[in-house]
Amino acid sequence: MEEAEESYPPIDPSNFDLIVIGTGLPESIIASAASAAGKTVLHLDSNPFYGSHSASLPLNDFIPFLQPQSQPQSRTLTSDDYVSIPVLTRPLYSAVETNSYSSEPTENSRKFNLDLAGPRVLLCSDSMIDLILKTGINQYMEFKSVDASFISSADGKLENVPDSRSAIFKNRGLSLTEKNQLMKFFKLVQRHLGDEETEEDRISDQDLESPFVEFLTKIGLSQKLKSIILYTIVLADYDQENSEACKDVISTKIGISRLALYHSSIGRFPNANGAIIYPIYGQGELPQAFCRRAAVKGCIYVLRMPVVAILNDKDSGSYKGIKLVSGQELFSPKLIIAPSFTIPSTLNPDAQVANCDDVSLSETKKVARGICITKHSLNPQVANCLVFFPPRSLYLEQSTSVRALQLSSNVAVCPSGMFVTYLSAMCDDDVQGKKLLNAAINALFSVPISGNSENNGASNLSEHAEEKPCLLWSTLYIQELTTFQGGFDSISKTPMPDEHLHYTHLLDATEKIFKEIYPNEEFFPTVSVSNDDEGGGSELDS
């Protein structure tokens, strides 16, 4: 039901312990945690849907969301009691490039649930799954296994990732020597992490502090095995063997920890085939589930409600509340804002603002993202899979890993008979990002020659269909990854959707914000779980 543009319902009460702007995953987790701690919470979003930049959207809604939105001219106003500072939005996405080779995807737009921050998966033993089970939101969600993982070989072929003992024995791309080396390495890690390890079983402290790639070289692993471990299991972003280009050198200690997490994920749930799962209907189900839990605990939700200004005390300059587009003023001692919102640098120096744009930017990185739609799977035997292109596997100057996640209609993200593939890679600029993704797309798919022609698409789609899946539709875009620095606590900005394949880093940053604003509250206190909830916590839809 559509409302008139000027019709906005009044919100009652007008005072809250916490106001949250934006329903992205970090904001939704904080709202849910605060509600569980007994705080009165108001959660607002100007969009007509939950999820913000963590949402899963229909195809025809996806591209408009990436485009910069027009904004009214901002003015700082002063009343008798407050200074009204405008809240603006800044674009997170740039260099959007879309190609349509067939009208079929757009004709079925509502049958797509496309993740804005893909590719993204969950390891069965990671901290996000633990939180999902602890909070009981698994009763609102269903998951399916990612069937397989592949790595691009030196000759461009996709080979199965040997991530377990059985996978090692079945793998046809490894020599007998490499299989023995990999088995010995996994046993070494297992002994190091064991409860009754002797000094001989442990990896030395010196090795633990050294770069992981150096340790793997030291124990004699081949280049192929090092690539498998570093880029498909440990999930390194940068070329670990190029010290000049590598912006994130992974230590042996961190590498071993990630290996342990991966292996503990295999077999955690009886109906999950491997280590990795994906939520049915898309990653946008996660923020919605946390919002549902928050609502049960008393959080008030209002969608389609833009916030136009921050209210600061006229004398002290400290934060007091917000002003809605309806003109209503609401008040709270704490405010959480999504990463796309900005507050002009007109705040009093004494105002308490954490992680906002009037404090310094510590670092700006970029991640290139892409989405491809096809009618055939990358592997006829697999519906949902991951594909990894290690550094230098696509071209010599490739300094970052490219990841791809193919999903099918059995996770309800696309129409039956189609497949959605997400791609991502860290990059320094738009040109490098597009080059990385286009190289991966050309390696995976047959791209029709005609640029944006839908009329000539049919004849092109049948060509090379047996060799590679033909593209029906694709889009590429660049997302900024800006880290903010701030030292205050009344207004906090949540982290952006990050470059990682999983949620561990984002969840750690979110929990840190919660503990900063509520240092005396537990982050989701443990509660007794009903039998129904407990049963749901141990099973995944298969």
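The model is predicted. The protein has 542 residues, and buried residues make up 55% of them. Its secondary structure comes to 15 helices and 26 strands. Of the contacts with a separation of 6 or more, 74% are between residues 24 or more positions apart.

**Helix α1**

- Helix α1 covers residues 25-36.
- Gly-38 follows α1 and has a positive phi, near 90 degrees.

**Helix α12**

- Helix α12 runs over residues 430-444, which is 15 residues.
- At 1.5 Å a residue it should span 21 Å, and its end C-alpha atoms are 21 Å apart, which agrees.
- At the start of α12, the backbone nitrogen of Val-431 has a side-chain oxygen of Asp-429 within 3.2 Å.
- The buried residues of this helix are Gln-432, Gly-433, Lys-434, Leu-436, Leu-437, Ala-440, Ile-441 and Leu-444.
- An α-helix has 3.6 residues a turn, so residues three or four places apart point the same way.
- Leu-437, Ala-440, Ile-441 and Leu-444 are among the buried residues of α12.

**Val-402 in strand β23**

- Val-402 lies in strand β23, which takes in residues 402-408.
- Val-402 is buried because its relative accessible area is 0%, and buried means under 20%.
- Val-402 and Ala-425 are 23 residues apart along the chain, and their C-alpha atoms are separated by 4.8 Å.
- Not counting residues up to four places away in sequence, Val-402 touches Leu-436, Leu-437 and Ala-440, among others.

**Thr-421 in strand β24**

- Strand β24 covers residues 419-427 and contains Thr-421.
- Thr-421 counts as buried because its relative accessibility is 0%.
- With residues up to four places away in sequence not counted, Thr-421 touches Gly-370, Ile-371, Cys-372, Ala-404, Leu-405, Gln-406 and Phe-445.
- Of these, Ala-404, Leu-405 and Gln-406 fall within strand β23 (residues 402-408).

**Ile-276 in strand β13**

- Ile-276 is in strand β13, residues 276-279.
- Its relative accessibility is 7%, so Ile-276 counts as buried.
- Ile-276 and Cys-124 are 152 residues apart along the chain, yet their C-alpha atoms are separated by 6.0 Å.
- Leaving aside neighbours within four places in sequence, Ile-276 is in contact with residues including Val-121, Leu-122, Leu-123 and Cys-124.
- Its contacts also include Lys-144, Ser-145, Val-146 and Ser-149, along with Tyr-262 and Leu-386.

**Cavities**

- The structure holds four cavities of 30 Å³ or more.
- The largest cavity has a volume of about 110 Å³.
- This cavity is lined by 14 residues, of which Ser-54, Ala-117, Arg-120, Pro-497 and Tyr-503 are the closest to its centre.
- By class, nine of the lining residues are nonpolar, three are polar and two are charged.

Definitions and conventions: Residues numbered from 1 in each chain as written. Predicted model: local features only at pLDDT ≥ 70, side-chain atom pairs only at ≥ 80, totals over all residues. Heavy atoms only, no water. 1 Å grid on protein atoms, 1.4 Å probe; cavity = no way out; pocket = protein on both sides within 12 Å on 5 of 7 lines; lining within 4 Å. Points joined across faces, edges and corners; volume = space filled by probe spheres on them. Nonpolar A, V, L, I, M, F, W, Y, C, P; charged D, E, K, R; others polar. Helix = DSSP H or I, 4+ residues; strand = E, 2+ residues; numbered from the N terminus. Expected span 1.5 Å × (residues − 1). Buried < 20%, exposed > 50% of the residue type's maximum accessible area, 1.4 Å probe, protein only. Polar contact = N/O pair within 3.5 Å; in protein donor to acceptor, adjacent residues only side chain to side chain. Contact = heavy atoms within 4.5 Å.
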